[in-house]
Amino acid sequence: MGAIGALTCLSWSWCMAAQSGAAADYAAWDEALGGWEVGTRITHVILLEDHRGERDNPPENPSFVGTVTKLNDEQDYLPYKFYVQYRLQPYLAIGVALDRFGAEAFDEGRRDEEGNLVEGTSGADGTTWLTGPLLYVSGRYLNDTMFTPYGELGLAHYFASFEESSGWGSSKAFELDDPTGVYGAIGCEARFDGHWSADLYGRYMNVDVDGVYTVNGRERGDILFTMSNLTLGIGAKYTF
């Protein structure tokens with residue numbers, strides 16, 4: 001949860017800097033600059049449904065797939081979540097961004113009659129990674145301070161891949177569909193000069209991954225990975 005702490009510290013720093021930024025002519029900056037903006041973010045993802053069903057996958061209480069009843073969020077903190085946007089109006093923009101996150105499929109194991117975990121029955125099958133573009137419309141509230149709040153509505157198209165854990169078995173496979181998601185986001189920029197700004201970002205993404213579990217090429221069950229999430233991010237942006 002280190003990313004959340006970083007967001008809190010950055011928010012406090014921006015608040016403390018508000019009075020010193022009030023003297024800048026933000027309106028003049030907006031008038032002088034063109035419409036293109038590029039930036040990047042570091043993000044932290046929190047899965048909203050990380051437990052599902054029972055290990056034996058009964059029809060009345062199904063698991064994610066087979067004995068997988070838990071998803072562990074997998075983070076990618078590399079700062080290549082780039083985005084490019086064009087301002088149609090001072091308060092309205094369209095853009096495209098790159099996103100990537102993962103969820104580890106975990107078998108929580110079998111328990112004996114006394115509720116103790118049976119050794120050797122728990123472990124990870126592997127990690128599902130979603131990578132793809134986000135297309136969005138963004139609106140912002142212009143004001144006389146260094147802070148510019150904004151909101152986004154967008155669509156995501158992800159390419160799904162499954163990274164198997166070592167020893168999982170070459171005869172087994174998760175064949176996953178490429179999902180489409182919808183999202184809403186809010187954020188706030190802090191402008192430091194006419195071109196550079198820092199960014200705080202929060203997003204709700206609604207996306208699920210469907211697929212089929214196979215053994216030796218034969219279908220053994222359906223897959224449903226509920227990967228809807230909250231994403232928190234910090235970043236930087238340059239305006240041309």
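Trainee: What is the relative accessible area of V96, and is V96 buried, partly exposed or exposed?

Mentor: Please keep in mind that this is a predicted model. V96 has its place in strand 4, and V96 is also one of the residues that make a nonpolar surface patch of about 1100 Å². Because buried means under 20% and exposed means over 50%, V96 counts as partly exposed, with a relative accessible area of 35%.

Trainee: Which strands each supply at least two residues of the nonpolar patch?

Mentor: The residues that make this patch include W36, Y86, I94, L135 and F240. Those strands that each contribute at least two residues are strand 3 (83-89), strand 4 and strand 5 (123-140).

Trainee: Which side chain of opposite charge is nearest to E104, and how far away is that side chain?

Mentor: E104 lies in strand 4, which covers residues 92-107, and, leaving aside residues up to four places away in sequence, E104 touches K70, L71, N72, E74, A124, G126 and T127. Although E104 is buried, E104 has no salt bridge, a pairing that would need a nitrogen and a carboxyl oxygen within 4 Å. The nearest side chain of opposite charge is K70, at 7.1 Å.

Trainee: What is the phi of N216?

Mentor: N216 is found in the loop between strand 11 (208-215) and strand 12 (218-226), and N216 counts as exposed at 63% relative accessibility. Most residues other than glycine have a negative phi. N216, a residue other than glycine, has a positive value, near 55°.

Note on methods. Residues numbered from 1 in each chain as written. Predicted model: local features only at pLDDT ≥ 70, side-chain atom pairs only at ≥ 80, totals over all residues. Heavy atoms only, no water. Helix = DSSP H or I, 4+ residues; strand = E, 2+ residues; numbered from the N terminus. Buried < 20%, exposed > 50% of the residue type's maximum accessible area, 1.4 Å probe, protein only. Lys, Arg positive; Asp, Glu negative; His and termini not counted. Contact = heavy atoms within 4.5 Å. Patch = residues over 30% accessible without salt bridge, like charges linked within 9 Å, V, L, I, M, F, W, Y side chains within 5 Å. Areas by Shrake-Rupley, 256 points an atom, 1.4 Å probe, with all protein chains shown as cover.
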